[in-house]
Amino acid sequence: MPRRKHIKIAEVRTFQNVFDYKQENVEEKIINFFGTAKPVTLELGCGQADYSINLAKIYAHRNFIGIDRKAARLWNASKNATKENLNNVAFLIAYIEKLDEIFKQIKTDEIWITFPDPYPRRSSMKKRLVHPRFLEVYKKLLLPEGKIFLKTDDETLYSYTLKVIEEENLILHKATEDLYKSNSLTEEEKIQTKYEKQHLADGKKIKLICFSFNN
């Protein structure tokens, strides 16, 4: 298994739809890959990028960038996007906290954080992708009126996010502790990741929060 992982890490960097933040002029390369300027959606900590790929299939008029710090995770994402002949989705190997240093031209009106590590211990709180230190990065990336979406099965992360929204004086657009209890879901909300399907099979409730900055 470790050997296979190392092979994927090396191979994924040769894929045309995968980029590494360490590459020179990586932002320009992503822009050139897309070819045309379209609204951009970011999926953070994307893993296999189920959200980016499914959104790209639904919305051909948008571009999507799935971002994860672990190259091996993006191997399947790249393969799946290529299999679907999607030219409006790309993947970036990068640390989330460095995105404002990477993206100077690319701005987004939509950020999806799908089933991130909840880091339940208080000592690891700063690693949560909704911690204020990450929000400062997102604020630099988001266009006016841009929104952030969090999907999680974790009660602690859900409650923590609502607390951050209140303390940081952010705008809460939607919050639900049981997403699939509703009969009026958007196409975006209906998308289910690999982990989400596992959580549902285990009887867990899926939570969703949508919020934005108070510009």
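This is a predicted model: local features need pLDDT of at least 70, side-chain atom pairs count only at pLDDT 80 or more; totals for chains, interfaces and linings use all residues.

Colleague: Start with salt bridges. How many are there?

Modeller: The count comes to ten salt bridges.

Colleague: Take E84. Which residue does E84 form a salt bridge with?

Modeller: E84 pairs with K57, and the closest N and O atoms are 3.8 Å apart. E84 lies in the loop between α4 and β4 (89-93), while K57 is in helix α3 (residues 50-58), so the pair ties together parts that are 27 residues apart in sequence.

Colleague: What about D153, where is its partner?

Modeller: D153 forms a salt bridge with K204, with 3.4 Å between the closest N and O atoms. D153 sits in the loop between β6 (142-152) and α7 (155-167), and K204 sits in the loop between α9 (194-201) and β8 (207-212), so this pair ties together parts that are 51 residues apart in sequence. K204 is partly exposed, with a relative accessible area of 38%.

Colleague: And E187, which residue is that paired with?

Modeller: E187 forms a salt bridge with K190, the closest N and O atoms being 3.4 Å apart. Both residues lie in helix α8 (residues 187-190), three residues apart, which is about one turn of the helix.

Colleague: Why does that spacing matter?

Modeller: An α-helix has 3.6 residues a turn, so residues three or four places apart point the same way. As for cover, E187 is partly exposed at 42% relative accessibility, and K190 is partly exposed with a relative accessible area of 43%.

Colleague: Now a charge without a partner. What is the story with E27?

Modeller: E27 is buried and has no salt bridge. The nearest side chain of opposite charge is K107, 6.8 Å away.

Colleague: What is E27 in contact with, then?

Modeller: Leaving aside neighbours within four places in sequence, E27 is in contact with I102, F103, K104, Q105 and I106. E27 itself is in helix α2 (residues 26-34).

Colleague: Switching to the surface. Which residues form the positive patch?

Modeller: K5, R69, K70, K126, K127 and R133 form a positive surface patch. K70 is in the loop between β3 (63-68) and α4 (73-83), and K5 is found in helix α1 (residues 2-12).

Colleague: How exposed are K5 and K70?

Modeller: K5 counts as partly exposed, at 46% relative accessibility. K70 is partly exposed too, with a relative accessible area of 33%.

Colleague: Which residues of α4 are buried?

Modeller: The buried residues of α4 are L74, W75, A77, S78 and A81. N85 follows α4 and has a positive phi, near 55 degrees.

Colleague: Back to patches. Which residues make the negative one?

Modeller: E136, E166, E167 and E168 form a negative surface patch. E167 is in helix α7 and is exposed, with a relative accessible area of 57%.

Colleague: You gave a positive phi for N85. What are the phi values of A49 and N169?

Modeller: Phi of A49 is near 60 degrees, a positive value in a residue other than glycine. Phi of N169 is positive as well, near 60 degrees, and N169 is likewise not a glycine.

Colleague: Where do A49 and N169 sit?

Modeller: A49 is in the loop between β2 (40-44) and α3. N169 is in the loop between α7 and β7 (171-176).

Colleague: Are they buried or exposed?

Modeller: A49 counts as buried, at 0% relative accessibility, whereas N169 counts as exposed, at 51%.

Methods: Residues are numbered from 1 along each chain as its sequence is written. Side-chain values use heavy atoms; hydrogens and water are left out. Patches are made of residues with over 30% relative accessible area and no salt bridge: like charges are joined within 9 Å, nonpolar side chains (Val, Leu, Ile, Met, Phe, Trp, Tyr) within 5 Å. Accessible areas come from the Shrake-Rupley method with a 1.4 Å probe; for residues, only the protein chains shown count as cover. A salt bridge is a side-chain nitrogen of Lys or Arg within 4 Å of a carboxyl oxygen of Asp or Glu. Lys and Arg count as positive and Asp and Glu as negative; His and the chain ends are not counted. The place of a charge is taken as NZ of Lys, CZ of Arg, CG of Asp or CD of Glu. Helices (H or I, at least four residues) and strands (E, at least two) are DSSP runs, numbered from the N terminus. Buried means under 20% relative accessible area, exposed over 50%, partly exposed in between (1.4 Å probe, protein chains only). Contact means heavy atoms within 4.5 Å.
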